[in-house]
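Reader: I am new to this structure. Please walk me through it in short steps.

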Amino acid sequence: MSRRYSLFLIIGVDISKVGLDRAVRYGILSSEDAIHEDGFTYLGKQLDESLYLVTAFRIMSGFPVGRLITESQRVLKRGGQLLVTATLDGREDLLRVASSGKLYTGIAPGAEATQFVYTKR
């Protein structure tokens, strides 16, 4: 059975079967709500302005951040948020995006890890 929190349905999408199995085992997701699929493929199937929250946790080197931002802007409802956590480790693209001051907040100079949030207006 799907887990609903208040009015929201929580779905977990991950290319890692191990991560999804762990989320189900710990009761974070039901097995029906654990989708083993590429996140970009999943987002591509979503209607414009249909989601309240998109998250990407522990993104790694080589992850296409620009693509995530573009897809998230398309699928987020007004007031919806994109939450990203990452290890910076020389990720100049993340530093540039996060320090632009236009969309994102949360990076401290010299930080090794960060989180930033975009809110669709």
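Author: One definition comes before the rest: a residue is buried under 20% relative accessible area, exposed over 50%, and partly exposed in between. Note too that this is a predicted model.

Reader: With that definition, is Lys17 buried, exposed or partly exposed?
Author: The relative accessibility of Lys17 is 45%. Buried means under 20% and exposed means over 50%. Lys17 is therefore partly exposed.

Reader: Which residue forms a salt bridge with Lys17?
Author: The closest N and O atoms of the pair are 3.1 Å apart. A salt bridge needs such atoms within 4 Å. The partner is Asp21.

Reader: And Asp21, is that residue buried, exposed or partly exposed?
Author: Asp21 has a relative accessible area of 34%.

Reader: How many helices and strands does the protein have?
Author: From the N terminus on, the elements run β-β-β-α-β-α-β-α-β-α-β. The protein comes to four helices and seven strands.

Reader: What share of the protein do buried residues make up?
Author: The protein has 121 residues. To count as buried, a residue must have under 20% relative accessible area. Buried residues make up 31%.

Reader: How many salt bridges does the structure hold, and why can such pairs form?
Author: Side chains of opposite charge can pair when their charged atoms come close. One of the salt bridges here joins Asp48 and Arg74, with the closest N and O atoms 2.7 Å apart. The structure holds four salt bridges.

Reader: Where do Asp48 and Arg74 lie, and how many residues apart are they?
Author: Asp48 is in the loop between helix 2 and strand 5. Arg74 is in helix 3, residues 65-75. The pair thus links distant parts of the chain, 26 residues apart.

Reader: Which residues are linked with Arg74 in a network of salt bridges?
Author: Arg74 forms a salt bridge with Asp48. Arg74 also forms one with Glu71, the closest N and O atoms being 3.1 Å apart. Glu71 and Arg74 both lie in helix 3, three residues apart. The residues linked with Arg74 are Asp48 and Glu71.

Reader: Gln46 is in the loop between helix 2 and strand 5. Is Gln46 buried or exposed?
Author: The relative accessible area of Gln46 is 18%. The cut-off for buried is under 20%. Gln46 is therefore buried.

Reader: What separates the C-alpha atoms of Gln46 and Arg74?
Author: Along the chain, Gln46 and Arg74 are 28 residues apart.

Reader: What is the volume of the largest pocket, and which element gives the largest share of its lining?
Author: The volume is about 1,400 Å³. Of the 35 lining residues, the closest to the centre are Ile11, Gly12, Val13, Thr55 and Phe57. The lining divides into 24 nonpolar, six polar and five charged residues. The largest share, nine residues, comes from strand 5.

Reader: Which residues make the nonpolar surface patch?
Author: The patch covers about 380 Å². One of its members, Ile10, is found in the loop between strand 2 and strand 3. The residues of the patch are Phe8, Ile10, Tyr52 and Leu53.

Technical notes:
Residues are numbered from 1 along each chain as its sequence is written. This is a predicted model: local features need pLDDT of at least 70, side-chain atom pairs count only at pLDDT 80 or more; totals for chains, interfaces and linings use all residues. Side-chain values use heavy atoms; hydrogens and water are left out. Patches are made of residues with over 30% relative accessible area and no salt bridge: like charges are joined within 9 Å, nonpolar side chains (Val, Leu, Ile, Met, Phe, Trp, Tyr) within 5 Å. Accessible areas come from the Shrake-Rupley method with a 1.4 Å probe; for residues, only the protein chains shown count as cover. A salt bridge is a side-chain nitrogen of Lys or Arg within 4 Å of a carboxyl oxygen of Asp or Glu. Helices (H or I, at least four residues) and strands (E, at least two) are DSSP runs, numbered from the N terminus. On a 1 Å grid over the protein atoms alone, a cavity is a set of points where a 1.4 Å probe fits but cannot get out, and a pocket is an open set with protein on both sides within 12 Å along at least five of seven lines; lining residues have an atom within 4 Å of a point. Grid points are joined across faces, edges and corners, and a volume is the space filled by probe spheres set on the points. Ala, Val, Leu, Ile, Met, Phe, Trp, Tyr, Cys and Pro count as nonpolar, Asp, Glu, Lys and Arg as charged, and the others, Gly among them, as polar. Buried means under 20% relative accessible area, exposed over 50%, partly exposed in between (1.4 Å probe, protein chains only).
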